[in-house]
Amino acid sequence: METAFNSGVANFTHEVIGVIGGCGVAAAIELLHLIEKKLVLEYGCTDDSQEPEMLLYQATQAPNRIAYASGISSVSFAPYFINAAKMLKNSGATFGCIPCNTAHCVIDQIEKESSLPFINLIDQTIEYITKVYPVARKIGILCSDGTVHAKIYEQSVGKKSANLTIIYPTSELQKSVSAGICAVKSGLQYQNLREAERYFIDSMDELISVGVDLIILGCTEIPLAVTADTYKNVPLINTLSVLADACIERCRC
């Protein structure tokens, strides 16, 4: 007789997920929570043993990745992340992911030098948009200064040959986005979610005013403050959720 613990749920146990977090800490924890939530609510997992194993390394002591990606600092965080990836691999991880958009400016280097395959959050987001919103052309994005400067999303659009234009807030409103990211990192989302969200509202309004088809929450801290799926009927793309889906799909047998 089939029990609740073997009721035809897909097998998610043949991979071990290695997560390099600490960028920020809360975003990494939220990724694990999203994976667990999706496995239970969307895939019907009812027992711990049905879920994949996961390893989390909170890389809190790495050099500042936003300063490096922005060109403010010449000290790369890549060696620290490469070492973290090697430790995850040696501990049994079969693939890795980084719940940080900005860190993907060196994702190819991390993957190559650690010999651990990684899910590319940026590429996964662009693929998601082209599949779910095939008529979208003007893509707004809220992200860190490092992601803006390194043109990470433009590079991914080029690789995917996607007919998309990436649009950022004005430089003045970008300051508010950056302040909001810092506010979320400081724990404001735990103290006053509405106050944390306020930092991003004007930028979303501006992006909508220039006709964007959707807005990418392109820093994994932002969905901790902006929790809705849409804003004024414009879809909001939660990159943490996209990454969670990609990790689950990688683990499916």
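Guide: A helix here is a DSSP run of H or I with at least four residues, counted from the N terminus. The model you see above is predicted. Let's start with helix α10, which covers residues 193-209.

Visitor: What makes Glu195 and Arg198 a salt bridge?

Guide: A salt bridge needs a side-chain nitrogen of Lys or Arg within 4 Å of a carboxyl oxygen of Asp or Glu. The N to O distance between Glu195 and Arg198 is 2.8 Å, so the pair qualifies. Both residues lie in helix α10, 3 residues apart, which is about one turn of the helix.

Visitor: What links Asp123 with Lys159?

Guide: A salt bridge, whose closest N and O atoms are 2.9 Å apart. The pair connects distant parts of the chain, since Asp123 is in helix α5 and Lys159 in helix α7 (residues 152-160), 36 residues apart. At 11%, Asp123 is under the 20% limit, so we call it buried. Lys159 reaches 51%, over the 50% limit, so it counts as exposed.

Visitor: On to cysteines, then. How many disulfides does the structure hold, and how do you know?

Guide: There are 0. For Cys182, the nearest cysteine sulfur is that of Cys219, at 9.1 Å, whereas a disulfide needs the two sulfur atoms within 2.5 Å. The sulfur of Cys219 has its closest cysteine sulfur in Cys100, and that distance of 6.7 Å is too far for a bond.

Visitor: What is the strand order of the open sheet?

Guide: Its 5 strands run in the order β5-β4-β6-β8-β7, with mixed pairing. The edge strands are β5 (165-167) and β7, because each pairs on one side only.

Visitor: How do you know that β8 pairs with β6 and β7?

Guide: Two strands pair if DSSP finds at least two bridges between them. β6 (residues 214-217) and β8 have 3 bridges, in the parallel sense. In that pairing, Ile215 stands opposite Leu236, and Leu217 is opposite Asn238. β7 (residues 230-231) and β8 have 2 bridges, in the antiparallel sense, and the bridge partner of Thr230 is Pro235.

Visitor: Why is β8 described as largely enclosed?

Guide: Of its 5 residues (234-238), 4 are buried, so the rest of the structure largely encloses the strand.

Visitor: What makes Lys232 and Ser115 stand out in their backbone?

Guide: Most residues other than glycine have a negative phi. Lys232, in the loop between β7 and β8, has a positive phi of about 50 degrees. That hairpin has 2 residues between its strands. Ser115, in the loop between α4 (107-114) and α5 (121-132), has a positive phi near 60 degrees. Lys232 is exposed because its 55% is over 50%, while Ser115, at 47%, is partly exposed.

Visitor: What makes the peptide bond between Cys23 and Gly24 a cis bond?

Guide: Its omega is about 0 degrees. Most peptide bonds are trans. Gly24 lies in the loop between β1 (16-21) and α1.

Terms used. Residues numbered from 1 in each chain as written. Predicted model: local features only at pLDDT ≥ 70, side-chain atom pairs only at ≥ 80, totals over all residues. Heavy atoms only, no water. Buried < 20%, exposed > 50% of the residue type's maximum accessible area, 1.4 Å probe, protein only.
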